[in-house]
Amino acid sequence: MSTTGEVPTGKPGRGRRVILWRHGQTSWNVERRFQGTTDVPLTEAGVSQARRAARLLVNLKPDAIIASDLQRAADTAAELAGLTGLAVTHDEGLRETYAGVWQGLTHEEIIARHGEEYAAWKRGEPVRRGGGELETEVADRAAPVVLRHAEKLPDDGTLVVVSHGGTIRTTIGRLIGLEAGYWESLGGLTNCCWSVLGEGARGWRLLEHNAGTLPEPVLGDDD
């Protein structure tokens, strides 16, 4: 169990599901440029990804949709909202990890300029990438948002959370009780793919990960 923050659990017997859906492709994803909290819009391909994924997710009959307020997540969520008729609740607590001076740098530039810091992060050490947030701090702000909205669901209800690769990784890790040093063991999400958490007798369980995978590499801030 995590020792860096309270690990909230689901309530057994209610059968709720949480779908954590990563936004569509942006130009910075293609360039392998760290986005963080920078508000980068979707590419045309990203909009197409969101529309395709929304046509699949609508079949899961979501009861509520929440999203990061950054444009790439908000516009992805809007595609599902248009099919379901549900309103989207936006929350800045679901934003991507703030990474200070790393933001705007390419993957190669980060390794060249901040190689030791990058290597320590990949080893699972608590690192303020670029002087920004710790992964545990991201989980501290994002996981409670998810749980607050999940609590409002009816029995057997489904919540769709539209967010970012790094934030989704930390939120899953927190909710299923992994130590923060092991969150890296959760592979990155491809653009517009999702993971599914369900309630079990002992709390939240990871039922699916990187579902809806497109034939494309993972391009994101958390890889």
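Tutor: What follows is a set of questions on labels and the values behind them.

Tutor: This is a predicted model, in which local features need pLDDT of at least 70, side-chain atom pairs count only at pLDDT 80 or more, and totals for chains, interfaces and linings use all residues. Residues are numbered from 1 along each chain as its sequence is written, and side-chain values use heavy atoms, with hydrogens and water left out.

Student: How many helices and strands does the protein have, and what counts as one?

Tutor: There are 6 helices and 6 strands. Helices are DSSP runs of H or I with at least four residues, strands are runs of E with at least two, and numbering starts at the N terminus. Along the sequence the pattern reads β-α-α-β-α-β-α-α-β-α-β-β.

Student: Which residues does UniProt list for "active site"?

Tutor: The unreviewed entry lists H23 and E96. Such annotations may be inferred rather than shown by experiment. The two are spread over 74 residues of sequence, yet they cluster in space, with a largest C-alpha distance of 10.8 Å. H23 sits in the loop between β1 (17-22) and α1 (27-30). E96 sits in the loop between β3 (88-90) and α4 (107-122).

Student: Why is H23 called buried?

Tutor: Buried means under 20% relative accessible area, exposed means over 50%, and partly exposed lies in between (1.4 Å probe, protein chains only). H23 has 2% relative accessibility, so H23 counts as buried.

Student: Why does E96 get that label?

Tutor: E96 has 3% relative accessibility, therefore E96 counts as buried. Of the 223 residues of the protein, 55% count as buried.

Student: What makes the pair H23 and R72 a polar contact?

Tutor: A polar contact is a pair of N or O atoms within 3.5 Å; within protein, one must be able to donate a hydrogen and the other to accept it, and residues adjacent in sequence count only if both atoms are side-chain atoms. The side chains of H23 and R72 are joined at 3.4 Å, so the pair falls within the cut-off.

Student: What about E96 and T97?

Tutor: A polar contact of 3.4 Å joins their side chains. Adjacent residues count only if both atoms are side-chain atoms, so this pair qualifies.

Student: Which residues touch H23?

Tutor: Contact means heavy atoms within 4.5 Å. Leaving aside neighbours within four places in sequence, H23 contacts N29, Q35, R72, A73, T76, S163, H164, N191 and C192.

Student: Where is N191, and what does its side chain do?

Tutor: N191 lies in the loop between α6 and β5 (194-200). Its side chain makes a polar contact with the side chain of N29 at 3.0 Å. A polar atom of that N191 side chain also lies 3.4 Å from the backbone oxygen of G24. N191 has 2% relative accessibility, so N191 counts as buried.

Student: How do you know that α5 is roughly perpendicular to α6?

Tutor: The axes of α5 (residues 135-150) and α6 (residues 165-175) come within 8 Å and cross at roughly 75 degrees. That makes α5 roughly perpendicular to α6. Angles under 35 degrees count as roughly parallel, over 145 as roughly antiparallel, 65 to 115 as roughly perpendicular and the rest as oblique. Axes are lines fitted to C-alpha atoms, for helices over the stretch in contact, and angles run from 0 to 180 degrees between N-to-C directions.
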